[in-house]
Structure formats: C-alpha cells, structure tokens
Amino acid sequence: ISYPPESSAVCICRIGLFRPDLILPEISEHLQAICTNLRVIPDDIEKVHGIQGLCNIIQRNPSVVLPVFSNFVEAI
C-alpha cells in the first residue's frame, strides 16, 4: 500500500500536536516537502490539525522555518 505524500505530511505534523520534540530533530530536512504537500490539501480539519502541529514544532525552534518561510506561508 502506498499513501499520498499529503497523508504523510499531515501524519507527521499531527505528531507535533502532542510530541513536537520527536519531530524537531529531523524537521529541517523535510520542511519544504511538508509545506508543499500541505499546500495542496483542501482546507479541512486534517489540514488544520497539520498546521497546528507544524506550528507547535516550529515554536520549539523557529529558525528551522526561515529557509522555507514562503512555502510555510503558502501552506497556511
């Protein structure tokens, strides 16, 4: 079974809702792809949870978002 990358992005970001420290060490390598995939998701509760989790992760280390800030804004 393969899942669309959008589902993976939401799943990773949802972990950030409750355990952002688990995601933080690796987020900088994947943040651009996550933002790109979140951007194409329709505005629904899954996207809201994904963005909230992503914001929790970024709050722990705001500098990770600087290189891809425009992608982050587009995702929101």
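Mentor: Helices here are DSSP runs (H or I) of at least four residues, numbered from the N terminus. The model we are reading is predicted.

Trainee: Is I76 buried or exposed?
Mentor: A residue counts as exposed when its relative accessible area is over 50%. I76 has a relative accessibility of 55%, so I76 is exposed.

Trainee: How many Å separate the C-alpha atoms of I76 and V48?
Mentor: Along the chain, I76 and V48 are 28 residues apart.

Trainee: Which residues does I51 touch, not counting residues up to four places away in sequence?
Mentor: I51 is part of helix α3, which covers residues 45-60. Its relative accessibility of 13% makes I51 buried. With residues up to four places away in sequence left out, I51 touches L38, A75 and I76.

Trainee: At what angle do helix α1 and helix α2 pack?
Mentor: Two packed helices are described by the angle between their axes and the distance between the axes. Helix α1 spans residues 5-18 and helix α2 spans residues 20-39. Their axes are 10 Å apart, and the angle is about 145 degrees.

Trainee: By class, how many nonpolar residues has the contact of α1 with α2?
Mentor: On the α1 side the contact includes V10, I12 and I15, and on the α2 side it includes I23, I34 and L38. The contact also has 2 polar residues and 1 charged residue. The nonpolar count is 11.

Trainee: Is I27 buried or exposed?
Mentor: I27 lies in helix α2. The cut-off for buried is under 20%, and the relative accessibility of I27 is 1%. Therefore I27 counts as buried.

Trainee: Which residues does I27 touch, not counting residues up to four places away in sequence?
Mentor: The C-alpha atoms of I27 and I58 are 8.8 Å apart, although 31 residues separate the two along the chain. That pair is given by C-alpha distance, whereas touching is a matter of heavy atoms within 4.5 Å. Leaving out residues up to four places away in sequence, I27 touches I34, L54, I57 and V64.

Trainee: Is L66 buried or exposed?
Mentor: L66 sits in the loop between α3 and α4. Its relative accessible area is 61%, so L66 is exposed.

Trainee: F69 and F72 form an aromatic pair; how many degrees lie between the planes?
Mentor: The count of aromatic pairs is 1. F69 and F72 make that pair, with ring centres 6.3 Å apart. The pair is tilted, and the angle between the planes is 40 degrees.

Trainee: Why are F69 and F72 separated by about one helical turn?
Mentor: Both residues lie in helix α4, which covers residues 69-75. F69 is partly exposed at 44%, while F72 is buried at 9%. They are about one helical turn apart because their spacing in the helix is 3 residues.

Trainee: How many disulfides does the structure hold?
Mentor: Cysteine sulfurs must lie within 2.5 Å to form a disulfide. For C11, the closest cysteine sulfur is in C13 at 9.3 Å, which is too far for a bond. For C55, the nearest cysteine sulfur, again that of C13, is 9.1 Å away. The number of disulfides is 0.

Definitions and conventions:
Residues are numbered from 1 along each chain as its sequence is written. This is a predicted model: local features need pLDDT of at least 70, side-chain atom pairs count only at pLDDT 80 or more; totals for chains, interfaces and linings use all residues. Side-chain values use heavy atoms; hydrogens and water are left out. Rings of Phe, Tyr and Trp (its six-membered ring) pair if their centres lie within 6.5 Å; planes under 30 degrees apart count as stacked, over 60 as edge-to-face and the rest as tilted. Helices (H or I, at least four residues) and strands (E, at least two) are DSSP runs, numbered from the N terminus. Buried means under 20% relative accessible area, exposed over 50%, partly exposed in between (1.4 Å probe, protein chains only). Axes are lines fitted to C-alpha atoms, for helices over the stretch in contact, and angles run from 0 to 180 degrees between N-to-C directions. Ala, Val, Leu, Ile, Met, Phe, Trp, Tyr, Cys and Pro count as nonpolar, Asp, Glu, Lys and Arg as charged, and the others, Gly among them, as polar.
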